[in-house]
Amino acid sequence: MWKRFRTNIGAMVGVVLLIAVILIAIFAPLIFANTPWQMVQRPFLAPFAMESLPLGTDTLGRDVAAQLAYGARVSLLVGLVSTLVALLIGVPLGALAGFYGGYVDEGAMRFTEFFQTIPNFALAIVLVAIFEPTLASITLAIAIVSWPPVARLVRAEVMSVRKREFVDAATLAGLSKPRILVRQVLPNTVSPIIVMASLMVATAILLESSLSFLGLGDPNAMSWGYMIGAARTVIRSAWWLSFFPGIAIVITVLALNLIGEGLNDALNPHLSRKGKA
Amino acid sequence: MTILIAILSRLAKAALTLLAIAVLNFCLLHAAPGDPAVVLAGEAGAADEQMIAQLRERFGLDQPLYVQLGKYIAGIVQLDLGYSFRQSAPVIDLIAERLPATLLLTLTAFVISLTCGIALGVAAAARVGKVSDSLLTTLALLFYATPLYWLALMAVLVFSVWLGWLPGFGYETVGSDFSGLARALDILKHLILPALTLGLFFMAVYMRMTRASMLEVSTADFVKTAKAKGLSGPVIRRRHILRNAILPVVTLAGLQAGQLVGGAVLTETVFAWPGIGRLMFESLAARDYNTILGVFLVSAAMVILFNIVTDIVYRIVDPRIGARA
């Protein structure tokens with residue numbers, strides 16, 4: 001499996017890009033002497049004009065490069081944690097629905113369908129607006145709008161796995177139903193969940209940046225979406241203020257999508273061959 | 001006949017969903033930190049003491065929660081979405097005034113993304129493995145990773161600010177007294193950039209889906225039969241592969257409708273497009289919760305409408321569904 005992943009050029013490009021973003025996020029305070037909130041130069045300093053400020057300054061004279069580095073922290077953190085929370089909601093719900101069937105399945109799927117019908121970005125806006133924008137409320141709102149596909153996927157996987165022979169064997173061996181679900185069935189559904197999770201982190205990063213673009217970011221955290229939102233009105237005079245954060249988002253999301261596709265090809269070689277035939 | 005029954009059951013389900021969203025809205029209003037009356041009035045001193053007392057009485061905020069819920073739902077059934085103290089107008093009027101602009105934008109973006117996405121997907125699948133296929137796939141991957149609002153801003157920068165080809169702001173030229181065809185053309189010019197940027201992301205999604213689906217169907221036995229009959233490549237692609245490959249794309253398009261409507265908030269914000277998305281954005285800064293929740297409810301209704309339409313399209317494209325039901 002790892003061999004297949006390693007020979008996938010796109011996936012390796014994704015890994016390299018993502019590692020670079022992670023390193024920048026971790027070592028931001030060491031690389032940049034300035035905090036992202038500190039005024040260091042005159043406002044609207046163009047990029048490449050000063051060696052110490054390679055990407056120029058923003059409307060308040062703050063270091064754009066430092067802001068980008070600190071923004072990576074928020075994006076990665078919110079992306080990762082909200083995906084984990086979404087998995088915590090979606091996996092148990094989907095597993096129970098798929099394993100027990102009947103009324104449990106019916107109820108769980110109606111609930112999931114309801115959340116899939118609601119326009120998810122609009123719901124995220126409403127949640128964050130009502131519960132005040134903080135990193136916690138943003139993360140939770142993104143998790144609440146992103147779990148339905150997980151529940152559906154896990155349900156479908158569990159339904160197909162539970163019909164397999166080793167599950168019958170476990171039943172004959174006298175294992176209890178919950179034990180079979182957790183120990184025998186769920187471990188066999190892990191690979192599609194991993195693929196979906198890596199793509200979900202990418203979507204969550206896009207969602208977080210969209211929320212902070214609309215002014216619904218945590219006021220105490222510098223984020224890429226906030227930078228673009230703040231620079232929106234000065235796009236005519238200072239294009240770089242919106243340009244660089246956007247590139248940062250594209251690179252990070254692209255890296256995660258490439259990794260997700262690489263994982264998909266590596267974990268489900270059967271499917272990928274069909275796709276490329 | 002079966003289609004009629006299907007539509008009726010869909011409508012009943014839609015009504016139930018909207019009711020559930022109304023209950024959710026009610027819960028959110030009460031979960032918001034602070035006094036619900038103040039929350040309803042909008043914060044930052046928009047309401048004085050007297051107004052808040054009136055609100056308390058009108059919504060019966062001193063009564064038990066279930067009575068309040070009943071009043072709230074009864075109001076919504078009568079299309080009363082509350083009053084926006086910020087804009088001094090009933091929320092439903094604000095939304096009704098702006099809904100046509102949003103419908104025009106989302107429908108245009110939907111049609112553009114679906115037709116171009118399917119066409120490009122078919123083209124890429126036909127040239128699988130060649131340079132043009134890799135180019136299209138890479139471009140789709142790139143658009144897939146691009147934030148909608150950023151793409152919109154960059155489009156304004158390039159096509160409006162630098163090149164000056166298209167207006168990057170508003171719905172029509174301010175202060176012009178165009179009428180009839182001239183006005184339609186003016187609106188069309190303003191529509192191009194917002195609709196294209198909103199549609200590009202979804203075009204990428206549909207293109208990837210169409211390509212994968214075309215490739216999957218092309219290995220089916222009936223395609224081999226068609227080849228053995230001596231049919232030409234384009235005929236097989238159009239008549240045999242595409243007709244089957246298009247089904248999952250239509251399903252996906254229905255599921256994506258919610259994203260499209262949500263994306264309109266971002267596009268309208270960037271282009272100052274006077275739709276309900278822009279209304280939501282303006283209400284965010286003013287903490288005008290009545291308007292925010294009203295727009296939320298109406299956008300959910302729009303998504304349900306999109307879903308019903310794709311459902312009908314699906315039944316037309318695939319008659320087997322109707323027969324089974």
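1. Starting with chain B: residues 24 or more positions apart make up 71% of its contacts with a separation of 6 or more (a contact is two residues whose C-beta atoms, placed from the backbone, lie within 7 Å). Of its 325 residues, 40% count as buried, meaning that 20 or more other C-beta atoms lie within 10 Å of the residue's own.

2. Bear in mind that this is a predicted model, where local features need pLDDT of at least 70, side-chain atom pairs count only at pLDDT 80 or more, and totals for chains, interfaces and linings use all residues. Residues are numbered from 1 along each chain as its sequence is written, with chains lettered from A and ligands numbered from 1 in the order in which they are written.

3. On confidence, the model scores ipTM 0.86 and pTM 0.87. Chain B has a mean pLDDT (the predictor's confidence in each residue, from 0 to 100) of 82, with 92% of its residues at 70 or more. Its highest confidence is in helix α5(B), residues 91–126, at 90, and its lowest is in helix α13(B), residues 319–324, at a mean of 58.

4. As for the fold, chain B has 13 helices and two strands, taken as DSSP runs (H or I, at least four residues, for helices; E, at least two, for strands) and numbered from the N terminus. Its C-alpha trace spans about 80 × 55 × 40 Å along the principal axes.

5. Over in chain A, which residues of α4(A) meet α13(A)? They are Val64(A), Leu68(A), Gly71(A), Ala72(A) and Ser75(A), and their partners in α13(A) are Leu241(A), Phe244(A), Pro245(A), Ala248(A) and Thr252(A).

Notes
A residue is buried if 20 or more other C-beta atoms lie within 10 Å of its own, exposed if 12 or fewer, and partly exposed in between; C-beta atoms are placed from the backbone.
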